[in-house]
Amino acid sequence: MTRGFRKKIRQKNAENSGFGTNATGRFINKDGLPNVQRRGVNVFNRLSWYHTMLNLSSFRFISYLVIAYIMVNLFFAMIYYLIGVEHLTGIDKSDPLNEFIDVFFFSSQTFTTVGYGRIAPVGFLASLVATFEAFLGLLTFAIATGLFYGRFSRPRAYLRFSDIAIIAPFQESSALMFRLAPYKNNALTDADVIVSAAIEVIENGVAKSNFYRLETQLSKINTLALNWTVVHKIDENSPFYGFSEEDFKNTDIELIVQVRAFDEVFSNTVVQRSSYTTGEIVYGAKFVPMYYPNKENLSTVLDLDKINEYRKEELPDSVRNKE
């Protein structure tokens, strides 16, 4: 169901968003990747397998490697078994299950080029399959090593965004806020943020998405060591000026966030994106502080478990009068 805003928005529509006015759905997923389905090319041309493997979570990456390793060895074990176990020396032929188990482990030893020597191929066909499997194993482990290195050495921002954005009291008015924090011990400097808003509007009975650049109270900080609460003041220059609580609930809105910083260890710029949609914006709230001094008062504790904590807060009467 279309939930476009029907009132006039003062701010000029931004033309450089990278998305068309007729694009639908969420523009940026929570993981920062564009929510775009590409058609007209096959799956091999549509996906960069290297980028896909590097973007996987560690658990999924390891799981895929283990599953692929087992499936490949099962495949070659079936080939050896179909050729005949009599073409492999040292096989335990007491029963078919033991035969297949021995064949499977022979395949894994050949694939990894370990070659313990108890089982060996006999004859041209079994030797040919073993030769091909050993060659495939060398290539596979070379690729896996490259992927491990790429994942290990890839510069990342390692930022955690709050799951929600809030409309909070700010300077006798209101402001749109969300916060982010680094969750690893990497050192980020010269961090800047770019925030855009995609608002669905109704013009001449047609729904379309307009994009607006949101000015923030602080768009750049020297060091990103603690949490950073990004604040967009809702005033006459904001596209949300005059929005009521019902407008925020009943209008399709998406906040698109991009944070860029310099990683001193990698000596490289890192970028991370996120977004917030209508259901992820809480009206009339205030974030709870998430850092405090330690017991000895010698350092600061950043409690990342509190990044989403907030309390309800009434907005000033001046804001409600403008709605």
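Which residue forms a salt bridge with lysine 30? In this predicted model, the partner is glutamate 280, with the closest N and O atoms 3.7 Å apart. The pair links distant parts of the chain, 250 residues apart. Lysine 30 lies in the segment before α1 (43-46). Glutamate 280 sits in the loop between β11 (268-277) and β12 (281-283). Lysine 30 has 36% relative accessibility and so counts as partly exposed. Glutamate 280 has a relative accessible area of 18% and is therefore buried, the cut-off being under 20%.

The structure holds five salt bridges. One of them joins lysine 249 to glutamate 245, with the closest N and O atoms 3.3 Å apart. Both residues belong to helix α6 (residues 245-250). They are four residues apart, about one turn of the helix. Lysine 249 is partly exposed at 44%, and glutamate 245 is partly exposed at 32%. Glutamate 313 and arginine 311 also meet through their side chains, at 3.5 Å from N to O. Glutamate 313 is partly exposed at 30% relative accessibility. Arginine 311 is partly exposed at 40%.

Helix α4 covers residues 96-111. At 1.5 Å a residue, its 16 residues should span 22 Å, and the end C-alpha atoms are 22 Å apart, so the two values agree. Aspartate 95 caps the N-terminal end, where a side-chain oxygen lies 3.0 Å from the backbone nitrogen of leucine 97. Just after the helix, threonine 113 takes a positive phi of about 60°. The buried residues of α4 include Val103, Phe104, Phe106 and Phe111, and also Glu99 and Asp102. Among the elements covering the buried residues are α3 (58-83) and α5 (124-153), together with β1 (88-89) and β2 (120-121).

Definitions and conventions. Residues numbered from 1 in each chain as written. Predicted model: local features only at pLDDT ≥ 70, side-chain atom pairs only at ≥ 80, totals over all residues. Heavy atoms only, no water. Helix = DSSP H or I, 4+ residues; strand = E, 2+ residues; numbered from the N terminus. Expected span 1.5 Å × (residues − 1). Buried < 20%, exposed > 50% of the residue type's maximum accessible area, 1.4 Å probe, protein only. Contact = heavy atoms within 4.5 Å. Polar contact = N/O pair within 3.5 Å; in protein donor to acceptor, adjacent residues only side chain to side chain. Salt bridge = Lys/Arg side-chain N within 4 Å of Asp/Glu carboxyl O.
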